[in-house]
Amino acid sequence: MTMIETALTKAKAGKRINFAEALALYHSNDLLELAAAARAIKERKTGSHIYYNVNRHINLTNICVSGCPLCAFGCKAEQKQAFTLEIEDVQRIVHDTIKQTPDLTEIHMVSALHPDKPFSYYVDIVRAVKQILPNIHLKAFTPVEIAHFAKIAGLSVQQVLECLKEAGLDSLPGGGAEILDDEVRKVICPNKATTQQWIEVITTAHNLGIPTNATMLYGHVETIEQRIQHLITLRDIQDQTGGFQAFVAFPFHPDHTGFEHLTRVTTWEDLKMIAISRIILDNIDHVKAFWMMLTLPIAQLSLAFGVDDLDGTVVEEKIIHAAGAKTNKGITKAEIISLVEETGNIPVERDTFYRPLSRIGGI
Ligand code: SF4
């Protein structure tokens with residue numbers, strides 16, 4: 001048996017594959033075999049259910065001290081696109097969202113690293129959102145933001161997380177992982193959290209009972225080995241903590257970033273990475289396709305490559321659109337349902353903990 005055949009056989013049988021086998025899978029171009037193995041794993045975990053949720057994204061600010069070359073969202077305060085929401089702005093957005101989105105179950109909030117806002121600003125925002133929507137799940141702040149808060153507040157990561165949890169934070173989105181390799185980070189995001197800091201925030205959150213997602217940003221300066229190692233690092237963390245709810249991979253969008261000379265990876269590459277991720281991450285239950293990063297057609301195709309979650313309605317997205325994403329900034333529930341049904345799968349509306357909410361298949 002070749003190493004590719006061994007890896008596919010192991011994957012289909014629910015056995016863990018190692019680094020060399022994962023790398024061999026990447027070098028296989030039999031995309032349909034990869035899809036079949038990834039789908040077998042997905043079906044063992046979630047049958048033919050495909051999850052989605054009704055959520056609203058809020059970005060508090062795009063003013064950032066970090067200046068990461070990979071980013072088209074962060075800017076300086078004097079630039080014309082700079083914005084920062086004050087508490088009353090967030091309250092107004094939340095009130096408007098309730099009116100426009102009666103089925104809302106989750107607020108998803110990530111932002112840049114503002115140079116002047118104190119940690120108390122973020123705690124007050126969490127309190128304000130929870131005061132208006134006590135039963136809505138608040139998923140907020142990437143590990144990069146949490147590390148920034150610890151620095152500006154002179155607190156430990158654990159103290160920051162305890163404080164936010166006490167104010168009403170329910171989970172972390174897990175962004176900013178990019179590729180967990182400091183050689184790569186030195187090139188794409190030299191001033192933001194290191195690999196070790198990202199891992200420290202995630203494991204501390206998990207140990208405090210704050211679940212997170214796991215992410216990967218691929219298709220910039222990293223090698224395939226670094227992508228595979230990134231996935232294995234996530235798998236190792238999950239073995240220790242069990243705190244990752246879902247994995248989501250983002251293709252890098254180069255427009256308006258310091259890497260404009262690069263081209264966005266192909267659909268073939270997207271689908272291959274999704275399938276390989278599903279195969280490697282045997283201990284993470286859900287693999288999510290962020291349709292706004294992938295486009296709706298690729299997100300729909302990804303359902304045949306091991307994805308079981310199309311994420312949410314989003315409503316407004318600024319970060320990836322600053323980098324040239326051409327997707328809509330929001331989608332209706334009816335659109336998600338019809339995308340899923342067309343693939344022969346069963347759409348299931350979920351809350352953030354993947355508990356089914358409405359009748360299966362229904363609006
Ligand atoms: S990636 Fe995040 S930390 Fe880096 S510049 Fe953009 S907003 Fe700031």
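What follows is a short chat about how some labels in this predicted model are reached.

User: Before we start, what kind of model is this, and how are residues numbered?
Analyst: It's a predicted model, where local features need pLDDT of at least 70, side-chain atom pairs count only at pLDDT 80 or more, and totals for chains, interfaces and linings use all residues. Residues are numbered from 1 along each chain as its sequence is written, and side-chain values use heavy atoms, with hydrogens and water left out.

User: Why is Thr97 called buried?
Analyst: Buried means under 20% relative accessible area, exposed means over 50%, and partly exposed is in between (1.4 Å probe, protein chains only). Thr97 has a relative accessible area of 1%, so it counts as buried. You'll find Thr97 in helix 4; helices are DSSP runs of H or I with at least four residues, strands are runs of E with at least two, and both are numbered from the N terminus.

User: What does Thr97 contact, leaving aside its neighbours within four places in sequence?
Analyst: Arg56 and Leu104. Contact here means heavy atoms within 4.5 Å.

User: What makes strand 2 and strand 3 a pair?
Analyst: Two strands pair if DSSP finds at least two bridges between them. Strand 2 and strand 3 (residues 106–109) have four, and they run parallel.

User: Why are strand 2 and strand 4 said to stand at the edges?
Analyst: The open sheet has three strands in the order 2-3-4, with parallel pairing. Strand 2 (55–58) and strand 4 (137–140) each have a single partner strand, so one side of each is left without a neighbour in the sheet. From one strand to the next, the twist averages 20°.

User: How do you know that strand 5 pairs with strand 6?
Analyst: Seven bridges link strand 5 (residues 212–218) to strand 6 in the parallel sense.

User: Why is strand 6 described as largely enclosed?
Analyst: Eight of the eight residues of strand 6 (residues 244–251) are buried, so the rest of the structure largely encloses it.

User: How do you know that the length of helix 5 agrees with what it should span?
Analyst: The expected span of a helix is 1.5 Å times one less than its number of residues. For the 14 residues of helix 5 (residues 119–132) that should be 20 Å, and the end C-alpha atoms are 21 Å apart, which agrees. The buried residues of helix 5 include Phe119, Tyr121 and Ile125. Among what covers the buried residues are helix 4 (87–100), strand 3 and strand 4.

User: Which residues are around the ligand, and what are their classes?
Analyst: They are Cys64, Ser66, Gly67, Cys68, Cys71, Ala112, Leu113 and Lys192. A residue makes that list if one of its heavy atoms lies within 4 Å of the molecule. By class there are five nonpolar, two polar and one charged. Ala, Val, Leu, Ile, Met, Phe, Trp, Tyr, Cys and Pro count as nonpolar, Asp, Glu, Lys and Arg as charged, and the others, Gly among them, as polar.

User: Is Phe141 buried or exposed, and what is its phi?
Analyst: Phe141 is buried, with a relative accessible area of 0%. Its phi is positive, about 75°, although Phe141 is not a glycine. Phe141 sits in the loop between strand 4 and helix 6.

User: Why does Thr295 count as partly exposed?
Analyst: Thr295 is at 31% relative accessibility, so it counts as partly exposed. Thr295 lies in the loop between helix 12 (291–294) and helix 13 (296–302).

Terms used: Axes fitted to C-alpha atoms, helices over the stretch in contact; angles between N-to-C directions.
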